[in-house]
Amino acid sequence: MTESHPPTPRITKAVIPAAGLGTRFLPATKATPKEMLPVVDKPAIQYVVEEAVSAGLDDVLMITGRNKRPLEDHFDRNYELESALLKKGDEARLAKVQESSDLATMHYVRQGDPRGLGHAVLCAAPHVGKEPFAVLLGDDLIDPRDPLLARMVEVQEQRGGSIIALMAVAPEQIHLYGCAAVEPTEDGDVVKVTDLVEKPDTADAPSNYAILGRYVLNPAVFDVLRKTEPGRGGEIQLTDALQQLAADEKVGGPVHGVVFTGRRYDTGDRGDYLRAIVRLACERQDLGPDFKAWLRSYVTEEM
């Protein structure tokens, strides 16, 4: 039977850390934030905001840094461009331009000192207050046909505490991720998290469940983060704070994981970024048929 917890406030706030330098994509990211790199014809960050909104989280706080002004501009109105498109009668492109500015109520705060994901999340404390909230990382794009975040919000409302997204990976890849030790629950896609390790050696990994870039967090995480010492890489790790919550439920309730088996597009490195573009382009009704025909021809010629 699912554990019952006192009713929690409806989750409406999403936090999107976007202060990273994007060094893996240099020189493209020298003057352009990596979050603004296009995935087909939308910047990667817009997919993330759309995911939050589709799960009912229409209050979005973006944690930014230096040279990230284009993020704010993208979600703001561009009256000159809109006027030019209106004069041309280009209603289709006008709607696309206005879509990003109408998505959500957007807020921004700078992470002045890049001290890790845990520190970035802590920057959201004044905005979030004492409410549960979601954290979405931009390197993982989740297909809208697989509503992971909505399921995580549902589980948090049922069980309280904090929820993390997990995905089974090959054992030889687990060193690239945070990793969870888990126990099963009566829900097939939900596990109880008993321990967390940030990027363990393969031999030391407690499981092959990797942490995806989606979290629904109890606000008690802020107090833990304030006391969390820098960990792996000399940074304040969100994984370390969640490990403390998992070890002592009295602090902020239990930590559970939702095991995701749907479609995920990884834009974290150049190869996966290119594969994500190809996969999403192939699935577009307006681009897919012609693009797939060309792709088949190209692959045949190359082989």
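Residues are classed by relative accessible area as buried under 20%, exposed over 50% and partly exposed in between (1.4 Å probe, protein chains only). The model is predicted, so that local features need pLDDT of at least 70 and side-chain atom pairs count only at pLDDT 80 or more, whereas totals for chains, interfaces and linings use all residues. Residues are numbered from 1 along each chain as its sequence is written, and side-chain values use heavy atoms, with hydrogens and water left out.

The structure holds four aromatic pairs, a pair being rings of Phe, Tyr and Trp (its six-membered ring) with centres within 6.5 Å; planes under 30 degrees apart count as stacked, over 60 as edge-to-face and the rest as tilted. Phe-291 and Trp-294 form a stacked pair, at 5.9 Å centre to centre and 25° between the planes. Both residues lie in helix α12 (residues 288-302), three residues apart, about one turn of the helix; helices are DSSP runs (H or I, at least four residues), numbered from the N terminus. Phe-291 is partly exposed because its relative accessibility is 26%, and Trp-294 likewise counts as partly exposed, with a relative accessible area of 48%.

Trp-294 is also stacked with Tyr-298, with 5.2 Å between the centres and 15° between the planes. These two residues of α12 are four residues apart, about one turn of the helix. Tyr-298, at 39% relative accessibility, is therefore partly exposed. Through these ring pairs, Phe-291, Trp-294 and Tyr-298 are linked into a cluster.
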